[in-house]
Amino acid sequence: GVADDKAVYAYLPRLIRYYLDQDAILPNVDTHICGEADGLAYTLDHLDDLTPGSLRHLANAVGPRAIATLRSGEQGGAKRLPAEVRADILNRVCRAGFLYVDVELQTDTALIEDLQKAASKHYQDLIVSYHFQDPVEVSDAADALEACMAVGDVGKAALPIADVEAAMSLVEFSRNQALQSKRYVLIGMGDQGIVTRALAEDLGQ
């Protein structure tokens, strides 16, 4: 049947939840979709063979608009890589053919200038991200986003949202950013933050 198709298998729990409003009786084996940011990040975190060839193959497999990211252990990545290993992997990722490469301002500050050069030679844009672990004021998110935009092609800030009021403040801030024609991504995390993701395109992200 259609539910047994390998292309649909990873989406089955979501389909059941959407159409039947319940969870599947039998759980799926964890399946990570490399065409989605979280799935690609998980895959890169767990690949043991990150040769230039395997990275190019992965970039081709996920499509022309792919974003590659290698989360540090401090930001929820699966591995805590030595700094020189992380630098080497990110440099190879910048030559692999992804449309965007997402690096962390907190972890990769010393690498950003070289990564920017490598990415631009291969017609890729560098997203520089700042991830907050706890809810913060919009002004703190604005400062982090400005710092990211100052060194990357695209700035990105991700922060937990505690309530609807905080979500609306973030939406208003996003509207102001859009008026300045800056390239940015602003992500509200958690249930309350979903409004920022739902309105992302309308807000110029």
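Biologist: Leaving aside neighbours within four places in sequence, which residues is Q124 in contact with?

Modeller: Bear in mind that this is a predicted model, where local features need pLDDT of at least 70, side-chain atom pairs count only at pLDDT 80 or more, and totals for chains, interfaces and linings use all residues. Residues are numbered from 1 along each chain as its sequence is written, and side-chain values use heavy atoms, without hydrogens and water. Q124 sits in the loop between α7 (112-121) and β3 (125-131), helices (H or I, at least four residues) and strands (E, at least two) being DSSP runs numbered from the N terminus. Its contacts (heavy atoms within 4.5 Å) are V93, C94, R95, A96, G97, F98, L99, V101, A119 and D153.

Biologist: So is Q124 buried or exposed?

Modeller: Buried means under 20% relative accessible area, exposed over 50%, partly exposed in between (1.4 Å probe, protein chains only). Because Q124 has 2% relative accessibility, it counts as buried.

Biologist: How wide an arc do the buried residues of α5 cover around the axis?

Modeller: In helix α5 (residues 83-93), the buried ones are R86, A87, I89, L90 and V93. They lie on the same side of α5, because their arc (from directions between the helix axis and the C-beta atoms) is only 165 degrees.

Biologist: Which residue stands opposite G188 in β5?

Modeller: Strand β5 (residues 184-189) has Y184, L186 and G188 on its covered face, with V185, I187 and M189 on the uncovered one. It pairs with β4 (residues 154-160) in the parallel sense over six bridges; DSSP must find at least two for a pair. Opposite G188 stands L159.

Biologist: What is the relative accessible area of Y19?

Modeller: Y19 belongs to helix α2 (residues 12-20). It is exposed, so expect a value over 50%: here it's 62%.
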